[in-house]
There are 2 protein chains.
Amino acid sequence: MEDYLEAIAVLRGEEKVARVNGMSRRLGVTMPSVTSALRKLSDRGLVIHEKYGYVSLTDEGNKLAQDVLRRHRALARFFCEALGVDKRTGEEDACRIEHVISPVSMDRLTKFLEFMAACPFGETKFPETYRYFLEHGKLPQECLRRAPK
Amino acid sequence: MEDYLEAIAVLRGEEKVARVNGMSRRLGVTMPSVTSALRKLSDRGLVIHEKYGYVSLTDEGNKLAQDVLRRHRALARFFCEALGVDKRTGEEDACRIEHVISPVSMDRLTKFLEFMAACPFGETKFPETYRYFLEHGKLPQECLRRAPK
DNA sequence: AACAGGGGTTAGTTAGGACTAACAAAGTAT
DNA sequence: ATACTTTGTTAGTCCTAACTAACCCCTGTT
């Protein structure tokens with residue numbers, strides 16, 4: 001179901017509106033599958049979908065969708081940028097993992113990306129400095145000192 | 001299904017033999033679920049299971065189980081040791097992700113762990129040095145030189 | 001105004017994977 | 001040897017999430 005929410009959010013961003021057909025193609029499922037998913041999501045108060053019309057998200061649905069997207073993007077970045085996996089594969093893995101990873105691990109992974117970004121010149125002691133970063137939310141003094149500007 | 005194979009391999013390691021009851025408790029499912037899974041796996045030639053008897057793996061089943069275990073252990077190590085996730089959560093995430101991660105990403109993750117382990121004093125330029133490590137299978141000269149012995 | 005054709009829906013199926021209830025085999029104790 | 005307990009199995013049900021086939025809406029063309 002999260003996939004459907006995510007697809008709606010992305011389509012509305014890319015093409016202004018989300019329709020059954022677009023979702024169907026994006027998700028690689030048939031239109032009846034989309035229709036039935038939308039009915040369920042509508043029952044749960046997450047999407048708005050009047051018959052034969054456009055699809056949009058309720059506030060609650062949007063919150064969920066944005067959260068999935070956040071996870072997706074972080075995972076994709078991790079695989080592609082950090083681990084050097086090709087974009088296609090990284091995206092696919094993000095798509096599957098985003099639904100099963102725990103909040104705790106997700107949080108750590110996000111922090112790891114921040115840590116990488118924060119590291120002056122990419123130089124660091126890993127995982128020692130990362131541990132410090134986790135605890136204090138910033139790099140240790142001696143690490144920052146090495147980075148003028 | 002991979003979970004069942006994995007459970008058999010682990011139980012045979014821990015308690016010498018795998019039985020339905022043990023698998024049931026380890027996997028958190030009822031015994032009928034185990035029985036029915038075993039029938040399927042047996043049909044596919046992956047496990048050997050005579051009624052009311054012990055459960056074991058065929059060569060092919062064992063190969064698959066060992067592969068899942070390898071993935072599981074690498075993922076758990078990554079979450080726990082690299083990212084600093086608590087053991088419990090790391091294990092749970094490994095359990096779920098091991099079934100959906102692509103071979104490519106799994107390979108990179110494994111390499112990342114090797115990279116971490118190989119890094120003298122844990123000091124490195126990430127991700128630059130990691131990229132070098134990926135390409136050449138070892139740390140660059142100037143990095144090794146800093147590590148006497 | 002009729003009518004194609006694409007988008008959308010409904011109805012009905014299938015497959016996987018879990019569950020409960022009830023029964024059968026094995027093991028253990030008296 | 002028999003009765004009880006534990007372990008396993010069978011049968012039948014449910015739920016989810018996909019699918020196909022067949023039927024609706026809508027719009028643009030002529």
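I take partly exposed to mean a relative accessible area between the buried limit, under 20%, and the exposed limit, over 50%. The model I am reading is predicted.

**Salt bridges**

I looked up Asp107(A) and found a relative accessible area of 34%, so I call Asp107(A) partly exposed. Its partner in a salt bridge is Lys111(A), at 2.9 Å from N to O. Lys111(A) is partly exposed too, at 26%.

I then went to Asp93(A), which pairs with Arg96(A); their closest N and O atoms are 2.6 Å apart. Asp93(A) is buried at 0% relative accessibility, whereas Arg96(A) is partly exposed at 33%. Both belong to helix 5 (residues 87–97) of chain A, 3 residues apart.

In chain B I checked Arg26(B) and Glu14(B), which form a salt bridge at 4.0 Å, N to O. Arg26(B) is in helix 2 (residues 20–27) and Glu14(B) in helix 1 (residues 2–15), so the pair ties together parts 12 residues apart in sequence. Glu14(B) is exposed at 55%.

I also noted a salt-bridge network of Glu2(A), Asp67(A), Arg70(A) and Arg71(A). The total over all chains is 18 salt bridges.

**Cysteines**

I searched the whole structure for disulfides and got 0. For Cys95(A), the closest cysteine sulfur is that of Cys80(A), 12 Å away and therefore too far for a bond.

**Surface charge**

I found a positive patch on the surface made of Arg39(A), Lys40(A), Arg44(A) and Lys51(A). Lys40(A) lies in helix 3 (residues 31–43) of chain A and is partly exposed at 43%.

Note on methods: Residues are numbered from 1 along each chain as its sequence is written. Chains are lettered from A and ligands numbered from 1 in the order in which they are written. This is a predicted model: local features need pLDDT of at least 70, side-chain atom pairs count only at pLDDT 80 or more; totals for chains, interfaces and linings use all residues. Side-chain values use heavy atoms; hydrogens and water are left out. Patches are made of residues with over 30% relative accessible area and no salt bridge: like charges are joined within 9 Å, nonpolar side chains (Val, Leu, Ile, Met, Phe, Trp, Tyr) within 5 Å. Accessible areas come from the Shrake-Rupley method with a 1.4 Å probe; for residues, only the protein chains shown count as cover. A salt bridge is a side-chain nitrogen of Lys or Arg within 4 Å of a carboxyl oxygen of Asp or Glu. Lys and Arg count as positive and Asp and Glu as negative; His and the chain ends are not counted. The place of a charge is taken as NZ of Lys, CZ of Arg, CG of Asp or CD of Glu. Helices (H or I, at least four residues) and strands (E, at least two) are DSSP runs, numbered from the N terminus. Buried means under 20% relative accessible area, exposed over 50%, partly exposed in between (1.4 Å probe, protein chains only). A disulfide is a pair of cysteine sulfur atoms within 2.5 Å.
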